[in-house]
Amino acid sequence: MTKKIQTILGPVPIDSLGLLLPHEHLFTDLRGPIVPDYAQASPDDVASVVEPYLAEASSAGVTAMVECSTVGVGRNLAVLQCLAEITPIHIIAPTGVYKEAFTPASLRDTSVERLAELWTQELLSGIEGTTIRAGFIKLAVSDDGLTDLEIRNLKAAAKASAASEAVIASHTVGGEAAMLELDILENEGLDLERFIWVHAQAENDLSIQIEAARRGAYLEIDSIGGTWQSQTQLLENVLGVIEAGYIDNLLLSHDAGWYNPARLDGMPEEGFRSYTVLMTEFFPALREYGVTEEQISRITIDNPARAFAFNSFAYPGCSPS
Ligand SMILES: [Zn+2]
């Protein structure tokens, strides 16, 4: 049976995939669900801003992209569907929820079991009454440590992953929080190969990253092209992980974008960052350090395909192949 990723427009066999960006943003509302017009925008307005950046990425070789703006920071299905329809890039939508401070009131008192049920439904049946399925579970933990609510989210995610095979990706700043997450998820029975440590580069101690990889987790180095981030440091980080023998745990992305509904022109405060620096600048830098084309393909094609793949799932009316 061919493994597939689950995109907004349906399943796509991973053997027909090329480069997949595992962490980008198309539409993000960092004001959170406390403002009255949270996550509201006309899909056409969003498309007119975002489409040129998707076209640029497609020309640069991107075939699939993961939208990491989860519930609480702007997930808007109508917008995502519109974008998926105007670009050749396969787009993957999240289920899950962001940090505690961004959690909608409707999810605050939900039990682990009920939350797991909701997320499993979004992964296996569809989101918000549609037949559009989420392709992974996106969480976040607070930068100063996990809250009880975020621990509840991890437990629910482990259950939803067990029921659906979906990978869990969690915004995690620092090794201490990451190790705690790995412990919680392992206790819940999760195979840590189904976990992505988002923003692993924020942990400067490489040995902690390597320990997470040894336990099975993906290390997502996802601030390629970020002006706040030393790109030399990122390069050294990637080279260090390869040297330690964990190339198959590496994921690379920009954490770039995005349409910002808080502004009339839709632009984020720092301007719209493109999705192409990986190909135009980071690959050449890796090559200069002797990283081969085969290694670059493993990191940017094979690893994300494996991370986001589902082994078996049936679509209504379709027989699994
Ligand atoms: Zn992000």
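**Reading a predicted chain: helices, loops and cut-offs**

Mentor: The chain in this predicted model has a secondary structure of nine helices and 11 strands.

Trainee: How do you know that the radius of gyration of the chain agrees with a compact globule?

Mentor: A compact globule of 321 residues would have a radius of gyration near 20 Å, and the chain has 18 Å, which agrees. Along its principal axes, the C-alpha trace spans about 50 × 45 × 45 Å, and 48% of the 321 residues count as buried. Among contacts with a separation of 6 or more, 78% join residues 24 or more positions apart.

Trainee: What is the mean pLDDT of the chain, and where is the pLDDT below 50?

Mentor: The mean pLDDT is 96, and 97% of the residues reach 70 or more. Over residues 317-321, however, the pLDDT is below 50, and beyond near neighbours in sequence this stretch has six contacts in the model. Where pLDDT is low, the predicted coordinates should not be read in detail.

Trainee: Why are α4 and α5 called oblique to each other?

Mentor: The axes of helix α4 (residues 148-164) and helix α5 (residues 175-187) cross at roughly 45 degrees and come within 9 Å. Angles under 35 degrees count as roughly parallel and those from 65 to 115 as roughly perpendicular, and α4 and α5 are therefore oblique. The contact is made by Ile-151, Leu-154, Lys-155 and Ala-158 of α4, together with Glu-181, Ile-184 and Leu-185 of α5. In handedness, α4 passes α5 in a right-handed crossing.

Trainee: What makes α1 oblique to α2, and which residues of α1 and α2 make the contact?

Mentor: Helix α1 (residues 43-59) packs against helix α2 (residues 77-86) at an angle of about 45 degrees, with the axes 9 Å apart, and that angle makes α1 oblique to α2. From α1 the contact is made by Pro-43, Val-46, Ala-47, Val-50 and Glu-51, and from α2 by Ala-78, Val-79, Cys-82, Leu-83 and Ile-86. The crossing of α1 and α2 is right-handed.

Trainee: Why is Leu-107 counted as partly exposed?

Mentor: A residue is buried with 20 or more other C-beta atoms within 10 Å and exposed with 12 or fewer; Leu-107 has 18 such neighbours and therefore counts as partly exposed. Leu-107 is found in the loop between β6 (94-96) and α3 (112-124), where, not counting residues up to four places away in sequence, Leu-107 touches Val-97 and Leu-115. The C-alpha atoms of Leu-107 and His-23, which are 84 residues apart along the chain, are separated by 24 Å.

Trainee: Is Asp-255 buried or exposed, and what is the phi of Asp-255?

Mentor: Asp-255 has 22 other C-beta atoms within 10 Å, so Asp-255 is buried. Asp-255 lies in the loop between β11 and α8 and has a positive phi of about 55 degrees although Asp-255 is not a glycine. Most residues other than glycine have a negative phi, and most peptide bonds are trans.

Trainee: How do you know that Glu-165 counts as partly exposed?

Mentor: Glu-165 has 17 C-beta neighbours inside 10 Å and therefore counts as partly exposed. Glu-165 sits in the loop between α4 and β8 (168-171), and although Glu-165 is not a glycine, Glu-165 has a positive phi of about 80 degrees.

Trainee: Which peptide bond is cis, and where is the place of Trp-258?

Mentor: The peptide bond from Gly-257 to Trp-258 is cis, with omega near 5 degrees, and Trp-258 has its place in the loop between β11 (250-252) and α8 (277-288).

Methods:
Residues are numbered from 1 along each chain as its sequence is written. This is a predicted model: local features need pLDDT of at least 70, side-chain atom pairs count only at pLDDT 80 or more; totals for chains, interfaces and linings use all residues. Helices (H or I, at least four residues) and strands (E, at least two) are DSSP runs, numbered from the N terminus. The radius of gyration is taken over C-alpha atoms; the globule rule is 2.2 Å times the number of residues to the power 0.38. Two residues are in contact if their C-beta atoms, placed from the backbone, lie within 7 Å. pLDDT is the predictor's confidence in each residue, from 0 to 100. Axes are lines fitted to C-alpha atoms, for helices over the stretch in contact, and angles run from 0 to 180 degrees between N-to-C directions. Angles under 35 degrees count as roughly parallel, over 145 as roughly antiparallel, 65 to 115 as roughly perpendicular and the rest as oblique. A crossing is left-handed if the near helix is turned anticlockwise from the far one by less than a right angle, and right-handed if clockwise.
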